[in-house]
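Thanks for coming, everyone. Let's take a quick walk through one chain. Have a look at it first.

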Amino acid sequence: MKAFFSEEQLLHTPRQFMRLGRISAPTDLPARAESLQGALAARGIRVQAPADYGRKPLQDIHSPDYLDYLESAYARWQALRSPGVDPGPEVLPNLSPYYNGRIELAGRGPCPSPSIVAQTGYYLSDLSCPIGPQTWRSALRSTHSAVAAADHVASAGGMAYALCRPSGHHAHRDRAGGFCYLNSSAAAANRLLQTWSKVAVLDVDAHHGDGTQNIFYQRGDVMTVSLHADPAGYYPFYTGYAHERGYGAGEGCNLNLPLPHGSGNDTFLQALDTALAALTGYAPQAVVLALGFDTYKDDPISVLKLDIDAYRDIGARVASLGLPTVIVQEGGYMVEAIGPALDAFLQGAGQAAA
């Protein structure tokens, strides 16, 4: 099995995020990636740095104005500094005038204001996406890991693992959210479409993959399926409901399976079987698995109750599809648990050094 990761992905070191009205210590720490690397090493899986693809693989999934904003935001934010003006150490919004959480079918277009303050409110949908001096580079290299894994699977088949950090599935076409800046799962799926005509994204993170859904909602060449905690009382709140089925050419190509809070292994795996049956009906030629470990029972921000054995079962079920598969790492914030969780997944999927 091939695995991909760039050390530059560790450069993103957020200092804060807002939770329940309090500035909180960050949970998306570089130590997450280090724990996952340890699990790969224990199975003899060598991690390879991806090529530098630049922005090109992102041009079909993110708007150019959004990419321009992310690339320049930190420097422009710091340039605000002047007598009487003291911007914070990270870029964070103090307004969100347009976002209402609905699926945007026509798209918003670029921010109408050139102000960095206005654009920050426009392109960052919440207070969990601080932009620091290396955020752009880390997020960009994270997507490169996913693209490299997709290229490997397209040429060799089997499975490849992209150790993506920062995560990506909450990144919409033109805005960041939920610790996510650039959508690595969407980048992998779009890359696979250079080889195959139909691809599926299966998201098993605790949170609905709202950004991925948004990007592909009107497309019939990518089916998006997400198992997640019921969003009525959990991030991202505004999307992830069962009635959201796609639109236009994408009608019927989106499936959400929201789960009751407190659900454990049995309930989750039953929903996974439903998801896999839907994927089989769609008949994709390749799969992107958005793999989150924030479903673990002791994860600091999870409301689901999976134990380590569940990840072994998830790995076995996904492998049973027999399809070329790109595994894209998403959430999971209990550093002590995510290594064993990945090891269990790999064991179930029958993956070791190759």
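**Helices on a sheet**

Start with helix α5, residues 184-192, which lies across β6 (199-203), β9 and β10. The helix runs at about 175° to β9. Angles go from 0 to 180 degrees between N-to-C directions, with axes fitted to C-alpha atoms, for helices over the stretch in contact. Contact means heavy atoms within 4.5 Å. Helices (H or I, at least four residues) and strands (E, at least two) are DSSP runs, numbered from the N terminus.

A word on the source. This is a predicted model: local features need pLDDT of at least 70, side-chain atom pairs count only at pLDDT 80 or more, and totals for chains, interfaces and linings use all residues. Residues are numbered from 1 along each chain as its sequence is written, and side-chain values use heavy atoms, leaving out hydrogens and water.

Now the sheet. What is the strand order? The open sheet of eight strands reads β4-β1-β5-β10-β9-β6-β7-β8, with parallel pairing. Strands pair if DSSP finds at least two bridges between them. At the edges sit β4 (47-48) and β8 (254-259), each pairing on one side only. Inside, five bridges join β9 (residues 286-291) to β10 (residues 325-329).

Zoom out. The chain has nine helices and ten strands in total. Its C-alpha atoms fill a box of roughly 60 × 45 × 40 Å, taken along the principal axes.
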